[in-house]
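Q: Could you walk me through this structure, a piece at a time?
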Amino acid sequence: MENIQNIISQMTLEEKASLCVGVGPWTTYPIERLGVPRIFVSDGPHGIRRVIDENQIAQKSLPATCFPTASCSASTWNTDLIYRMGEAIAEEAIAYDVDVVLGPGVNIKRSPLGGRNFEYFSEDPYLSGELAASLINGIQSKGVGTSLKHYAVNNQEYQRFSINAEVDERTLREIYLPAFEAAVKKAQPWTVMCAYNKVNGTYCSEHHELLVDILKNEWGFEGLVVSDWGAVHDRVESMKGGLDLEMPGPQERHVKALVQAVRSGDCEEEILDKSVERILKIIFKAQQTDDNDSFDKEAHHDLAREIAAEGIVLLKNDGILPLKTHEQIAVIGRSAKEAYYQGGGSSHINPTQLDIPFNELRERAGDTELLFVEGYPKQDEYKQEMIDEAVSVVKSADVALLYIALPTSKESEGYDRKDLDLTEHQVALIHAVAEVQPNTVVILNSGSAIVMQSWIDEVNAVLQGWMMGQAGGGAIADVLFGKVNPSGKITETFPVELSDTPAYINWPGGAGEVHYGERMYVGYRYYETKQVPVMFPFGYGLSYTAFEYSNPQVPKAFTDKEGLIVQVDVTNTGDVPGKEAVQVYVHDCESALARPPKELKGFAKVELEPGQTKTVSISLDFRSFAYYHPQYHTWVTEDGDFDILFGASSADIRQSARTTMKSTIELPCMLCRESTIKEWLEDPRGAVVFQPMYDEIHSGLEKMFGGDESIGIEVSDMIVDMPLISLLLFQQSALTMPAEDIVDGLLQQAHNMEV
Ligand code: BGC
């Protein structure tokens, strides 16, 4: 590796500033005289969008494998598969001289309306972080960098360039940051991309707390922070805020502004040097990657199919699937001929080849006759004649397969969905077909959850096919005909209706702000707390076989420092081989601050032959039990009981066991003048110094308010949430010292006490 400090010492101020601003849409500034090459970056995240003309931002790209988008790959719950997808993406990047892939995106699916949800993994931060780390490790294992995006709190498309996300510290730490944190700690992405939006009043591109304090200092991020394309408003403020590289370039004025800021002393040169160092490290890292001009298109297509097939989720099945031998199958729906396999925007790939779902069915259908009608128009329009045509065709068939895809006008990068419905025409088509055809299967293609309440009872089976990438057509056919036993599980809750969703009343904000008012209660954390019925819970998905969970093994006691290993046996009780995504949730039986009733803290995908049993082991660590305390500004654990829940989904807990944790953390004393009686009694130091006085106060009040003098109160309940100072002020006349002095004396004792 080049001596980076040596290079920096030879760089002019102009060269340093230039290196911190892209020179083209996808390239960094090369400094030939010092042997500093450029690097080339490309979107991401589920394939390579390497534009043919490198001076263009949005232009046709070179053919690359379009792997399933994140909603689909996440639904596999299979980290090995996602790692392999990463390796394949890296091979394609290398073939196209791409040094850094712009992905993965780990923003949380706060609302199913999010226009880019198809690019994100989940509503759950733990799952998102694990999957992202696998993808990053897969890509980077081949010497290609990644860009973990969009940091942070970028959960909607509405006003995405400017909206101010107002989110409290605990919610930020527990929901919106952990996926980034895990990916950084477990995989060290070469780059992290800051989001467009503001968080609590500051643009992410200038957010020192997010970029420097948390990302670089606290989490130990070693790579460079790059802006989302066009996210920089003030290059000097963003440099001071921790943004190393601005993209895209050229931005001559920004380079000059940096030079000027250093000359005037507005920005210390050391800050610029640090960014330069981070950028150079990545540039030279990229030079170590071996060249290779080609990749195995067929093998990657097959891998894309394998992932798609494992990401498909069987939502409903009355036994009609897998398909048996039939004489005639009616295939209804234009998406059977025009695959809806990816979303619009920066992630749009030019595929190397494309499975046509109908042709894939044809290949596997043997002697069965296949009929086809388009069923619905390309756009969101209503055409009764198309429905009538479909009805006339399905009547005579043995089975109807309805391929329903959301029109692109309903979901894409750049705009959010307005509702969670299929089009009015599509819903009418489902009703009409199901009315005349008793064997109806719906195959859905959408990037995110759909509401189905109005039609689901009328059909026999539903497959959630997502945007499954270029090989999705074959994957659907494999699942329909039973060549693949479905094992995908949804990583986002499917609500009954839009108004049930947690962010509903806060979405998408207005007047430049969006309030994260539902706090940590996102996705299943909300539905479980409020006991709101859902269509399909987080983690849910059916199989052609069945699994039994037994023999949960959880140590009776542990310390937060050691963590623990929990186990459960899983048996395939059906007739066909299958895979099961086993989920482990943690329930805190009692906590000082309210917590969601269960949170995913571990999972494993196991493959089982019929009759086979495997023991699944999951490690749980400090963070599996901790919550973020907004007063201590840190993760805290509390002594007490936890339930370890082994689930087939968030709502289908098959086994559980209780364990007791001993917390080993030492927290500073937070008692102050305003602390309440309860806070004094619950604080380990406060309890020691205050208990005797409390007993005295309590019995005095009992005497005062008991008997004839009763004013109808329960003394303990009345005073428990009163500040001690207020209580004493009530009684000042009976005290020998001013109330303030008494409290200050106790505070001094408590703060000086060792625990
Ligand atoms: C998107 C990023 C993308 C970048 C470059 C932006 O508009 O938000 O996800 O990587 O463009 O195409």
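**A helix and its surroundings**

A: In helix α14 (residues 384-394), the residues Met386, Ile387, Ala390, Val391, Val393 and Val394 are buried, where buried means under 20% relative accessible area with a 1.4 Å probe and protein chains only, and where helices (H or I, at least four residues) and strands (E, at least two) are DSSP runs numbered from the N terminus. Please keep in mind that this is a predicted model, in which local features need pLDDT of at least 70 and side-chain atom pairs count only at pLDDT 80 or more, while totals for chains, interfaces and linings use all residues. Residues are numbered from 1 along each chain as its sequence is written, and side-chain values use heavy atoms, with hydrogens and water left out.

Q: At what angle do α14 and α15 cross?
A: Their axes, which are lines fitted to C-alpha atoms over the stretch in contact, with angles running from 0 to 180 degrees between N-to-C directions, come within 9 Å and cross at roughly 25 degrees. That makes α14 roughly parallel to α15, a label given to angles under 35 degrees.

Q: Which residues meet there, in α14 and α15?
A: Met386, Ile387, Ala390, Val391 and Val394 of α14 meet His425, Ala428, Leu429, Ala432, Val433 and Val436 of α15, contact meaning heavy atoms within 4.5 Å.

Q: Changing topic, where is glutamate 413 found?
A: Glutamate 413 is in the loop between β12 and α15, and at 13% relative accessibility it counts as buried.

Q: What is glutamate 413 in contact with?
A: Leaving aside neighbours within four places in sequence, glutamate 413 has contacts that include Arg116, Glu119, Glu157, Arg160 and Ser346. Glutamate 413 also lies 7.4 Å from glycine 343, C-alpha to C-alpha, although the two are 70 residues apart in sequence.

Notes:
Buried means under 20% relative accessible area, exposed over 50%, partly exposed in between (1.4 Å probe, protein chains only). Angles under 35 degrees count as roughly parallel, over 145 as roughly antiparallel, 65 to 115 as roughly perpendicular and the rest as oblique.
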